[in-house]
Amino acid sequence: MQKILLPITTIWWREIIRFYRQRSRLFSAIAQPLVFWILIGSGLNASFRPVGSVNGQSYIEYFYPGIVVLVLLFTSIFATISVVNDRREGFLQGVLVAPVPRWRIVFAQALGGTTLALLQGVLLLILAPMAGIQFGVASLLFTLSVMTLLAFGLTNLGLLIAWRMESTQGFHAIMNLLLIPIWLLSGAFFPSTGAPGWLAWTMKFNPLTYGLAAFRHSLYLDTTVKAFGEGPPWALSMLITGLFCVLTYVGATLTASAQTN
Amino acid sequence: MENKLEVENLSHSYQTRRALNGVSFSVSCGEIFGLLGPNGSGKTTLFRILSTLIPVTSGTVRILGYDLTSEVKAIRNLLGVVFQHPGLDVKLTVTENLRHHGHLYGLSGKTLHRRISELLEYVGVSDRASDRVEVLSGGLQRRVEIAKAILHSPRVLLLDEPTSGLDVTARRQLNDYLRVLADTENILVLLTTHLLDDAEACNRVGILDNGSLVALGAPDELKAQVGGDVVLIEGKSKETLSTAIAEKFGVSPVLTDGQLRVECERGHEFVRDVVAAFPNQIQTVRFGRPTLEDVFIKLTGNPFVR
């Protein structure tokens, strides 16, 4: 057992310590979403009149869960970028020639990214009252669990891409062309209710839609107020988010195994 | 357990380009073996195969009796690898890097702690143990890399261009360390290099060119193949001079690096005669014992491009 855990914990620990020693990274991953939230949130607040809005939820409040998910996305993806360089030349080569199976290496990397993303997500969670969202203990626990799942899935998605990338430029292109649209079309930015049919359908097939829905459900768990634009039901959202985690992890492990001996 | 690294008829291709072409050699424990070759000769590919990073696709490799295709895990436990590109995390301290490495190989606690201090002592970096790697000089970093590679007591040590970026003193020290490791611990050391000095320090050398092994043997044996002496001549019109020298002395000059290179038995007499015969065409004449570079030129007909 120790032989299995030791490599995992040591790889995980390295990710954390590296991040701690380059704290400016912390700032950059959280600053941009925060600015988005304040500027876009305030700017659209007055004109946000979505179809079917009943509780008069403000845009600042609507946008808040999306911003938390964006922070999770940014942090988990950034945590995986080092894989691209490290694999070809550098630290990761030393890990790859060690007698450690690929699934353990990937799992440890995913845990590292998840931890970092969670830390940042929690920082942002403190601002929830500013969005007018209040939650109790049960809600907090659920919210943290959903955030963990989301962070784990997103980190694995990042790893899945990073393990097959030859350069970090390619990685940034994927980030802009794939990851940002996934986020935009998850209900983070606007609800699917008022969107034209083709767009609403695209959103239905986006796994992050369910992650975001699960997150909204968990935030409003304690209150009688329903989250507006909550999207798909709670159980389905959790199920798909869990599946997303498993599939991306399996995918990342397979990719890592295929790319190396 | 067998104590040999055996490569048999190893070939490797990337899409269309053939990087290795039927390479065979064998190295014993306690021996330092150098793979010498210019850039693009296939030595990095060979290194990556031996270090288990890319799979064997054609031919066989056996390391201490284990097959590299079917027993990768057993082999990984036996290998210590030093890559050309720094494999240390510069944001971590020296000790943290070594501890991370030890954990990957299942070492922990007191045993690991003791082993780390032992090795830092051995490579002379003890006083920098808690410094971040980024503040260490290139030479010191290389020593930490060596410590890291032998931390788990491997039986086989593979090094890719270990002396690149090191000054002369640090290079000599490194070669001395390797010698001690091979002699006292009976470790099999295999290194790649494009530096002739490093190759001279090996027990045996394999010279790679275009994916093929063109020479294999002790440095002295290989140099003995070249013949007596090597004379390098620089002159104004090299082609004409070349033909003239060939006709007059019955030798075959080779034009490399803008110089005419002539191998001959009694070099000192040849220098005297050639200068007397073509006083106006010759600008410089150099005379020396053959080096491994001459071996390379003789065998491939090409200059050794670094």
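Predicted model: local features only at pLDDT ≥ 70, side-chain atom pairs only at ≥ 80, totals over all residues.
Chain A is built from helices: it has 10 helices and zero strands. Read from the N terminus, its elements run α-α-α-α-α-α-α-α-α-α. The radius of gyration of chain A is 19 Å, close to the 18 Å that the globule rule gives for 261 residues, so chain A is as compact as a globular protein of that length. Along the principal axes, its C-alpha atoms fill a box of roughly 60 × 40 × 35 Å. Of the 261 residues in chain A, 45% are buried. Among contacts in chain A with a separation of 6 or more, 83% are between residues 24 or more positions apart.

Chain B has both kinds of element, with 11 helices and 14 strands. Its C-alpha trace spans about 75 × 45 × 35 Å along the principal axes. Buried residues account for 40% of the 306 residues in chain B. Of the contacts in chain B with a separation of 6 or more, 69% join residues 24 or more positions apart.

The largest nonpolar core has 138 residues, and A:Val69, A:Leu72 and B:Val189 have the most contacts inside it. Which helix gives the largest share of this core? That share, 15 residues, comes from helix H3 of chain A, residues 59–88. Another core, of nine residues, lies apart from the largest one and includes B:Val230, B:Val231, B:Ile245 and B:Leu260. To see what surrounds one of the residues named above, take A:Val69. Leaving out residues up to four places away in sequence, A:Val69 touches A:Leu150, A:Trp183, A:Ala188, A:Gly211, A:Leu212 and A:Phe215.

The packing of helices can be followed in two pairs. Two packed helices are described by the angle between their axes and the distance between the axes. In the pair formed by H3(A) and helix H6 of chain A (residues 137–162), the axes come within 8 Å and cross at roughly 35°. This crossing of H3(A) and H6(A) is right-handed. On the H3(A) side, the residues in contact include A:Val69, A:Leu72, A:Leu73 and A:Ser76, and on the H6(A) side they include A:Met147, A:Leu150, A:Ala151 and A:Leu154. Sorted by class, the contact of H3(A) with H6(A) has 14 nonpolar, four polar and no charged residues.

The other pair is H1(A) and helix H5 of chain A (residues 102–125), which pack at an angle of about 35° with their axes 8 Å apart. The crossing of H1(A) and H5(A) is right-handed. Among the residues that make the contact are A:Ile4, A:Pro7, A:Ile8 and A:Glu15 of H1(A), together with A:Arg104, A:Ile105, A:Phe107 and A:Gly112 of H5(A). By class, this contact of H1(A) with H5(A) has 12 nonpolar, four polar and two charged residues.

The two chains also meet each other. Here 22 residues of chain A are in contact with 26 residues of chain B. Helix H1 (2–21) and helix H4 (91–96) of chain A each supply at least two residues of the side that touches chain B. Which helix gives the most to that side of chain A? The answer is H1(A), with eight residues. By class, the side of chain A that touches chain B has 10 nonpolar, seven polar and five charged residues.

A:Gln32 is in helix H2 of chain A, residues 24–45. Is A:Gln32 buried or partly exposed? A residue counts as buried if 20 or more other C-beta atoms lie within 10 Å and as exposed if 12 or fewer do; A:Gln32 has 14, so it is partly exposed. The C-alpha atoms of A:Gln32 and A:Ile67 are separated by 9.7 Å, although the two residues are 35 residues apart along the chain.

The remaining two residues are in chain B. B:Leu64 lies in the loop between strand E4 (58–63) and strand E5 (66–67). Its phi is near 50°, a positive value in a residue other than glycine. B:Leu64 has 18 C-beta neighbours inside 10 Å and so counts as partly exposed. B:Ser153 lies in the loop between helix H5 (138–150) and strand E7 (156–160) of chain B. B:Ser153 is not a glycine, yet it has a positive phi of about 50°. With 13 C-beta neighbours inside 10 Å, B:Ser153 counts as partly exposed.

Conventions:
Residues numbered from 1 in each chain as written. Chains lettered and ligands numbered in written order. Helix = DSSP H or I, 4+ residues; strand = E, 2+ residues; numbered from the N terminus. Rg over C-alpha atoms; globule rule 2.2 N^0.38 Å. Contact = placed C-beta atoms within 7 Å. Core = buried A, V, L, I, M, F, W, Y, C linked by C-beta atoms within 7 Å. Axes fitted to C-alpha atoms, helices over the stretch in contact; angles between N-to-C directions. Left-handed = near helix turned anticlockwise from the far one by under 90°. Nonpolar A, V, L, I, M, F, W, Y, C, P; charged D, E, K, R; others polar.
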